[in-house]
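Trainee: Could we go through this model together? I would like to begin with the ligands.

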Amino acid sequence: MQIDPVVLFFLLGLGAGLARSDLKLPSALYETLSVFLLLAIGIKGGLELAKQPFLAILPQALLVLLMGFLIPLLIYPLLRWRLPQVDAASIAAHYGSVSVVTYAVGVAYLVRQGVSHESQTTLFLVLLEMPALVVGVVLARLGRSGETSSAAHGWGKLLHEVLLGKSMVLLLGGLAIGALAGPDGIKPLDKLYLDLFKPVLTLFLLEMGLVVAGKFGILRREGLFLAAVGIILPLLLSWVGIGFGLMMGLSTGGVTILGILAASASYIAAPAAMRMAVPQANPALSLGAALGITFPFNLLVGIPLYHRFAAFVTGA
Amino acid sequence: MQIDPVVLFFLLGLGAGLARSDLKLPSALYETLSVFLLLAIGIKGGLELAKQPFLAILPQALLVLLMGFLIPLLIYPLLRWRLPQVDAASIAAHYGSVSVVTYAVGVAYLVRQGVSHESQTTLFLVLLEMPALVVGVVLARLGRSGETSSAAHGWGKLLHEVLLGKSMVLLLGGLAIGALAGPDGIKPLDKLYLDLFKPVLTLFLLEMGLVVAGKFGILRREGLFLAAVGIILPLLLSWVGIGFGLMMGLSTGGVTILGILAASASYIAAPAAMRMAVPQANPALSLGAALGITFPFNLLVGIPLYHRFAAFVTGA
Amino acid sequence: MQIDPVVLFFLLGLGAGLARSDLKLPSALYETLSVFLLLAIGIKGGLELAKQPFLAILPQALLVLLMGFLIPLLIYPLLRWRLPQVDAASIAAHYGSVSVVTYAVGVAYLVRQGVSHESQTTLFLVLLEMPALVVGVVLARLGRSGETSSAAHGWGKLLHEVLLGKSMVLLLGGLAIGALAGPDGIKPLDKLYLDLFKPVLTLFLLEMGLVVAGKFGILRREGLFLAAVGIILPLLLSWVGIGFGLMMGLSTGGVTILGILAASASYIAAPAAMRMAVPQANPALSLGAALGITFPFNLLVGIPLYHRFAAFVTGA
Amino acid sequence: MIFHTRTLLTIVTEAALENDLVELFHARKLRGWTIVEARGKGDHGEQHGSFDANHNIQIELIADSAAAEQLAETIQQKFGGDFALVQWLSDVRVLRAEKF
Amino acid sequence: MIFHTRTLLTIVTEAALENDLVELFHARKLRGWTIVEARGKGDHGEQHGSFDANHNIQIELIADSAAAEQLAETIQQKFGGDFALVQWLSDVRVLRAEKF
Amino acid sequence: MIFHTRTLLTIVTEAALENDLVELFHARKLRGWTIVEARGKGDHGEQHGSFDANHNIQIELIADSAAAEQLAETIQQKFGGDFALVQWLSDVRVLRAEKF
Ligand SMILES: Nc1ncnc2c1ncn2[C@@H]1O[C@H](COP(=O)(O)O)[C@@H](O)[C@H]1O
Ligand SMILES: Nc1ncnc2c1ncn2[C@@H]1O[C@H](COP(=O)(O)O)[C@@H](O)[C@H]1O
Ligand SMILES: Nc1ncnc2c1ncn2[C@@H]1O[C@H](COP(=O)(O)O)[C@@H](O)[C@H]1O
Ligand code: NA
Ligand code: NA
Ligand code: NA
């Protein structure tokens, strides 16, 4: 089985970073690429909404939302076993939310394998971005109302920050634009948002490789525990996603995507939201696990694995 | 009537900005996009020059230049009614010059409506960039030679800055490249300068939406007066443009474009030039009106309106 | 003979810079473009490797490497005639290494002229990047072990920096990705790495024009000597390249490319490597010659000239 | 012209705090400040600046000595516990005393 | 080594003034300065830095005390009226006295 | 709260030196510093910042006075000969003495 070239770019970045090359991408490029990817994914989701009657996918959408609220509640007690409340809540939020890039690499993988999947999965991705963040904030604050640091924000402000975080605005904004403009309206934009999506993803992955390499310092310090969290959680969560996918009656491809979404951890929206909502949590821990371990694990091992799982349970 | 998706991106940026989302595009992206748009428009104009005999469009070109000199002279006395000399001159320069993005959105609008227009309008855009800036500087300085602030530059230096401002260099440079290389020479570059023009415009408009949202503070302070200037001037000037379009014997589409050009206000070249030439003028005022009011007004209301005006007078 | 539009962009940047326009590209764009060009060239080379049996081009590859080691040894004594050891060694390294952009413009030139060339030249470019840097460092350090400034790095660290410099990592990384993924794997990325290569080159050349204009201060100071070095060296070296091209049995186009590669001087990898390896050398001198003189000379005069030379000796 | 002594407070902290700090300045009716993008290393690890959540800002704010000291103390109390934060004060001379 | 006392002038102003200020430095035969991109808020409103005409620079320039003070005064007179501008002076110690 | 006096060392030099300087800081067990991108002019010509090999950084580092002075001297000796380099020291007041 051949490795997807998209993943090769990640490995190149990772290798360059670990070898301490002076390769560095400008931060403006990183920001630009992430704006582009979020918008493009949103637009794709919006085109789906424009294509099929909304009521037809409403049951599936509700199930996906349920999953988004459930996952952090599920893993929080597990994490509490070893971690303080704030850190457990923050990590739960990261893993309950999703990684747009992992999703995109997963889709590219399925396309290469010739496995079709339901087009509404883009919509699922958008729906999964936020619920876990809300749950994470609630978990972090439960029963500590008196004790919260004076730096922490009030609830109104927090909700504002979670709902209007960059990722959410771009995903939902893209969704709205795609739905309003429809395939014909978006056509003149295809040369950028469609055709260049995958190639641009390669540049983003190159940068992610460099960033992940920079996280190895934390990994060395936090050692085994972080590695365990970063590998066990996605393996576990992939089955939650696969379960929901089966419940929703999706194809093998669709079930795989649900598994990938559940197993992926957010490293754009969640860190920003948690930093403001739960400043007592150690950001190195959550980002170290989500970005330093789970992200590369899913890219290199997880995606094909979840596909096998899904093929197994759907009997494909 | 459906809204152009390009405009939806502007609304997304505007909404995100007004809702105080943390969405922010890197300034390097903004600069890159504006370099790209100016170059691409210039090249398109140059290709036109390469296609048709220059002498054939000379009379039209001269009329357009005349309009560029005329507009600031026309609105200056109106503005003097309420504003000091320097501010009136600066605003006159902003509205006499043109907005490249408004032009591009206008062209996209006509294409969507299936209305054709003369291809030399790109050239007109380039020609309109500068004359008003020169007039604005002269107006600001008339009869205050003794009084000018020591920071103000001498005439030679000023001319240099107006002529060699970034916008002018990129527009004229693109024009020269397009004219020298011709359609065959430019063909290998089409994939960027032609195919990606409209999609890139969407990113630029997203940023413009954010910027305009940031100008609402000034709007609140300067209140009604700024709003009046920002809406009345383009409505008025659109008719000047339409009149010139009729004189030049253009089609309905061409007349519409002339109306759009006249009604649009510069927010790249003019602010930079006026800041150096007339530092006593308040830049918040001119930019507030041109960018905060007129730009969104033209995008959302003006362009279709001027098209109706043009259709009415050309009897289309 | 018509000038390539790609070169027109360079002239636009040069003109704008010399005329002291305020046109400036953000440095993030420059960095992004150079990352892109290096990666794209590397990938192209890798696709070549994937296509033809490696053993078949091994002899040619070895000859090219030999040339890379030879050139700095050849010009070092010439430069020593007038320059201190460190400066002679640094300039020798710059001219022994290659300019990726000069190569790309040369290929574009041949395509326009309808002259075919062997596809493995991309590989030659990659191979020529580094040997001269190693030789340059050795030359600079020969017989001054005791005397070296305390800032200079040890050998191990130096090798690390030369081998893992950004250009090397991107070129070799691209090569590996291209070779591993093969034409089918790279196909979905073609819309960026292939189709946009030449148009993106135009933006890079615009920036290079601006940068070269900024180097004219040095040129004025160092005057005739720098000009002589910057013109005589490429003329001389082009013949070395042509000689090797003949030895390797290449076509007229291939011989031309070898001439261009030999005549071009590095201004990305070499300055970075030499600054750390030989800090005593004056970077204004080497960069002034390589970028301020040789780069424009090759673009405007050299490339067509070396083509004539090659046509003459191959009897085409 | 006469130069007047004022105090310059320099704050280096996580970019995520910018909005909160600016709100604080507004609440205290402080009239001006300057912000520069930065990166660095401290007890909270390295801030590379390459990544959204990993990026510092440096704020410079001139005020009279009492206001600057009080501001520094408030910021330390409010944010010093949970955020990467370093502040320092120094004496500077300015031209227009009424501005600060 | 010995440290020598010099004066550091810090200028925060609109990016549009960069060329004029650099010309002024050259005219005064000042030998060096450092420029950093900045944004901020002051009496002329906010300078976001997101937009061409809305962007500050911060210039640091070390000179002897008299030269620095005179420079600050000239800049204040020439540009203080029409441009967003804040300057401050502070005492610093440098190693190579002959450089400044 | 009490403010403690420390010394701020500001280093302006070529971006290419960043790794070497950071290594030096680590070797001296210095616990923190702040880096900002800069450009400028000095005796080594202009550093535009537009181009890889032509770009400055400004490092600020607070330490006790002896450590800061020694660091400045070492840097001057190691890099002052071959690289564009300017350094200055100034007195600052900080809140948490134990941090610096
Ligand atoms: N000694 C120091 N001198 C200058 N800047 C520092 C110093 N220590 C920390 N910083 C800066 O302050 C930020 C926060 O510091 P810390 O809270 O110690 O992580 C760091 O990321 C550095 O940018
Ligand atoms: N009190 C202050 N402390 C630090 N920087 C300031 C202060 N006031 C103004 N500035 C900076 O100086 C610029 C011009 O100030 P102003 O002329 O008051 O608008 C602002 O945009 C800020 O970046
Ligand atoms: N007098 C000065 N004041 C502030 N910064 C300076 C001064 N002289 C030089 N610099 C900065 O230090 C860098 C190196 O200086 P030099 O070694 O003189 O080329 C320059 O590029 C400037 O950024
Ligand atoms: Na997840
Ligand atoms: Na106009
Ligand atoms: Na060469």
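This is a predicted model: local features need pLDDT of at least 70, side-chain atom pairs count only at pLDDT 80 or more; totals for chains, interfaces and linings use all residues.

Trainee: How many residues surround ligand 1, and which are the closest?

Mentor: The shell around ligand 1 holds 20 residues, and D:D43, D:H44, D:N56, F:I62 and F:K99 are the closest. A residue is near a molecule if one of its heavy atoms lies within 4 Å of it. The site is shared between chains, because residues from chains D and F surround ligand 1.

Trainee: Which side chain has an N or O atom 2.8 Å from an oxygen atom of ligand 1?

Mentor: That side chain belongs to D:N56. A polar contact is a pair of N or O atoms within 3.5 Å; within protein, one must be able to donate a hydrogen and the other to accept it, and residues adjacent in sequence count only if both atoms are side-chain atoms. The backbone takes part as well: an N or O atom of D:L85 lies 2.9 Å from an oxygen atom of ligand 1, and a polar backbone atom of F:I62 is 2.9 Å from a nitrogen atom of the ligand. Of the 480 Å² of accessible area that ligand 1 has on its own, the protein covers 98%. Accessible areas come from the Shrake-Rupley method with a 1.4 Å probe, and for residues only the protein chains shown count as cover.

Trainee: Which elements each supply at least two residues of that shell around ligand 1?

Mentor: They are β2 (33-42) and β5 (85-94) of chain D, together with β2 (33-42) and β4 (56-63) of chain F. The largest share, four residues, comes from β2(D). Helices (H or I, at least four residues) and strands (E, at least two) are DSSP runs, numbered from the N terminus.

Trainee: And how do the residues of the shell around ligand 1 divide?

Mentor: There are eight nonpolar, seven polar and five charged residues. Here Ala, Val, Leu, Ile, Met, Phe, Trp, Tyr, Cys and Pro count as nonpolar, Asp, Glu, Lys and Arg as charged, and the others, Gly among them, as polar.

Trainee: Moving on, which chains surround ligand 2?

Mentor: Residues from chains D and E surround ligand 2, so this site is also shared between chains. Of the 20 residues around it, D:K99, E:D43, E:H44, E:N56 and E:L85 come nearest.

Trainee: Where does E:N56 come in?

Mentor: An N or O atom in the side chain of E:N56 is 2.8 Å from an oxygen atom of ligand 2. Taken alone, ligand 2 exposes 480 Å², and the protein buries 98% of that. The strand that gives the most to the shell around ligand 2 is β2(E), with four residues.

Trainee: Between which chains does ligand 3 lie?

Mentor: Ligand 3 lies between chains E and F. A polar side-chain atom of E:T34 lies 2.9 Å from a nitrogen atom of ligand 3. On chain F, a backbone N or O atom of F:D43 lies 2.7 Å from an oxygen atom of the ligand, and a polar backbone atom of F:H44 is 2.7 Å from an oxygen atom of ligand 3. The protein covers 98% of the 480 Å² of accessible area that ligand 3 has on its own.

Trainee: What about the shell around ligand 3 by class?

Mentor: That shell has eight nonpolar, seven polar and five charged residues. Its largest share, four residues, comes from β2(F).

Methods: Residues are numbered from 1 along each chain as its sequence is written. Chains are lettered from A and ligands numbered from 1 in the order in which they are written. Side-chain values use heavy atoms; hydrogens and water are left out.
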